[in-house]
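Student: I am new to protein structures and would like to learn how to read one. Could you go through some features with me?

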Amino acid sequence: MAPIFEYFVVCGIGPEIRTLDGNKGFHGTGIMYLPSLLDQYPPLNHSLYPPPPPQLPTCVLPAGVEFYPLGFDSSDALTFPRSYPIVLTEGDGSKIYVSCIAFRDPVSEDIAEAYHIPANSFADKCICLVSRSPSFRVLRNALEELFALCFSESGSSKPLWDIIAYLVSNVPLPTPGKDRVLFAIDNCLLSVEAPPKDGLAHADISFQPLVQCLDVDNLIILFTAVLLERRILLRSNKYSILTLVSEAICHLIYPFRWQHVYIPLLFFSGVDYIDAPTPYMMGLHSGVDTSNLAMDGVVVVDLEYNRITTSEEIPPIPEPELSSLRGEIMKLLYPNVIGIDHMKAGPYSVPEQYPKGHNKPWGEDHDLQLRLVFLKFFASLLSGYRNFIEISANHVFNTQAFLKKRSRSTNQPPEPMMVQFLDSHGFMDYLERGMSSDENNNNLLDKLQDAIGRGQNPISIFPSNTAEPEIITISDPDGKISGSGAKYTYDRFPSNIRTEEQEEKRKQILAAASGAFEYSGKHMPSSPSFLPKDPMERAAERDRMVLDIKVKLQTQLRAQFREVGPEEGLCKDVRDLVL
């Protein structure tokens with residue numbers, strides 16, 4: 001069985017320090033620095049699956065890395081660790097799911113010494129669990145347990161990286177609809193399972209953030225903009241909200257798929273991507289300034305203030321589907337308000353629309369009902385669409401004939417929203433996937449249309465969960481009983497054991513950085529009395545001195561570079577400086 005956890009990764013400040021603007025070295029606090037990949041398991045030399053994407057450090061720490069004089073302070077919320085998910089999209093459209101915890105960790109002593117960083121400084125660090133499965137909850141729970149175990153006063157029964165290695169190597173991906181995998185992190189028991197493949201796509205998230213951030217009308221506007229493949233920018237001051245809302249709205253357009261650029265959490269320095277001319281869905285922290293961007297036609301969704309703005313009109317969903325969709329969502333979100341005038345008993349009472357737990361706090365049943373509401377919307381909007389699929393070499397859909405049939409039933413001319421939707425990449429992709437036998441057998445839209453036509457309960461299209469899943473227990477044979485043997489405690493997140501080659505390379509990078517700093521300090525006059533008094537002459541003399549220092553420094557580093565050899569020597573950034 002394939003593992004559910006593909007990688008454990010640590011990102012932060014490594015031996016090569018550079019600002020987001022590309023300036024090398026440490027330039028003080030209040031400056032943002034590029035994050036690096038510091039540690040990973042499995043290690044780089046394994047061949048189980050492709051390495052983590054190179055953009056991972058930048059994506060998991062989207063603001064960059066900052067240095068601080070203090071670490072965690074229980075009286076200052078700004079110093080608290082942050083836990084959030086991100087989703088990366090590969091070139092083939094497949095997704096990588098990452099759970100992240102960002103926190104302040106002490107700067108390594110060798111890095112602080114080489115770059116003359118003040119003693120006892122802290123910097124942003126991020127630990128991550130990487131998976132190909134959208135199992136957001138278990139990714140977060142497992143990662144938070146590892147983090148808590150690291151900084152627990154009682155310590156762990158094994159070295160932390162041994163626990164990480166066993167977790168990543170041995171916990172399998174459950175068979176959808178059949179297995180439940182149980183595993184432990186030290187003394188904490190966790191479980192994971194996946195729904196059957198013949199149901200709705202696996203969505204291990206809550207849809208509540210979406211319906212809490214946007215009212216019903218704005219939710220429908222966002223939904224329409226996604227269907228029509230507009231350029232969509234979500235804004236929030238919480239990373240988790242951006243990812244969860246992006247994932248939720250993509251699930252609500254099922255059975256259609258978002259076919260374009262998808263970056264639920266855009267790194268801050270990538271803000272210029274927002275002016276891209278092609279459709280996209282991106283999420284950007286609300287603290288990032290976009291005032292210098294054109295933003296023409298971009299649908300900006302402010303999730304903090306329930307506000308949507310755009311310079312281009314979004315055609316509304318046509319009637320009667322719009323009123324029906326709005327009413328169904330209102331019944332789910334506000335059942336007591338919608339039915340307040342209805343009789344609750346007697347022959348004239350109105351049956352409850354959502355009898356299961358509608359007065360309970362939002363839960364998985366609400367998520368399912370919301371997804372069913374939108375699937376029923378598509379069943380109505382595309383009623384009879386299968387009659388207009390022309391089976392040919394190109395598998396063409398007869399759009400004009402379908403629109404004429406719809407116009408006869410609604411007594412309205414073709415609606416702009418319908419015309420644009422039927423011409424979208426998402427609709428054409430759906431038709432092409434329909435040619436697959438697997439897609440045909442598991443097409444819930446077709447099943448729902450048939451169930452409605454037969455007067456059956458729409459919920460009957462989903463597979464029943466009558467059979468109990470098989471329990472698969474993953475136990476660590478080398479695990480120690482709590483309370484026995486040595487305990488491992490840490491004052492910082494520990495580094496994994498480095499190979500001799502890795503350690504030597506690290507020393508070379510830091511030695512070069514330290515030498516550059518010291519050489520610069522020795523040869524740059526500390527008093528302005530060494531410079532001419534005339535401003536023009538002072539500037540010219542300073543430029544000559546800086547050039548002289550660079551020439552001497554390059555000579556010094558070239559000698560070191562020749563000694564260690566290019567194939568095993570300095571990193572690319574130092575080679576650029578030397579050569």
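Tutor: Let's take a sheet, a pair of helices and a few residues in turn. Keep in mind that this is a predicted model.

Student: Happy to start with the sheet. In what order do the 5 strands of the open sheet come?

Tutor: First, the general idea: strands of a sheet pair through backbone hydrogen bonds, either parallel or antiparallel. Here the order is E10-E11-E9-E12-E13, and the pairing is mixed.

Student: Which strands stand at the edges?

Tutor: Strand E10 (261-263) and strand E13 (307-309) do. Each has a single partner strand, so one side of each is left without a neighbour in the sheet. From one strand to the next, the twist averages 20 degrees.

Student: How many bridges join E10 to strand E11?

Tutor: There are 3 bridges between E10 and E11 (residues 280-285), and the two strands run parallel. For one example, look at Tyr-262, whose bridge partner in E11 is Met-281.

Student: Which helix lies across E9, E10 and E11?

Tutor: That is helix H7 (residues 239-252), which runs at about 160 degrees to E11.

Student: Now the helix pair, please. How should I describe two packed helices?

Tutor: Two packed helices are described by the angle between their axes and the distance between the axes. Take helix H8 (residues 321-333) and helix H10 (residues 364-381): their axes come within 10 Å and cross at roughly 170 degrees. That makes H8 roughly antiparallel to H10, because an angle over 145 degrees counts as roughly antiparallel.

Student: Which residues meet there?

Tutor: From H8, they include Leu-325, Ile-329 and Leu-332, and from H10, Leu-370, Val-373 and Phe-377 are among them. The residues of this contact between H8 and H10 divide into 8 nonpolar, 3 polar and 3 charged.

Student: Let's finish with single residues. Is Ser-99 buried or exposed?

Tutor: Ser-99, found in strand E5 (residues 95-106), has a relative accessibility of 4% and so counts as buried, because the cut-off for buried is under 20%. Beyond residues up to four places away in sequence, Ser-99 touches several others, including Tyr-84, Ile-127, Cys-128 and Leu-143.

Student: How many disulfides does a search of the whole structure find?

Tutor: The search finds 0. Cys-128 is in no disulfide, and the nearest cysteine sulfur, that of Cys-126, is 3.7 Å away. A disulfide needs the two sulfur atoms within 2.5 Å. Cys-128 is also buried, with a relative accessible area of 0%, and Cys-150 counts as buried at 0% relative accessibility.

Notes: Residues numbered from 1 in each chain as written. Predicted model: local features only at pLDDT ≥ 70, side-chain atom pairs only at ≥ 80, totals over all residues. Heavy atoms only, no water. Buried < 20%, exposed > 50% of the residue type's maximum accessible area, 1.4 Å probe, protein only. Pairing = 2+ DSSP bridges. Helix = DSSP H or I, 4+ residues; strand = E, 2+ residues; numbered from the N terminus. Axes fitted to C-alpha atoms, helices over the stretch in contact; angles between N-to-C directions. Contact = heavy atoms within 4.5 Å. Parallel < 35°, antiparallel > 145°, perpendicular 65-115°, else oblique. Nonpolar A, V, L, I, M, F, W, Y, C, P; charged D, E, K, R; others polar.
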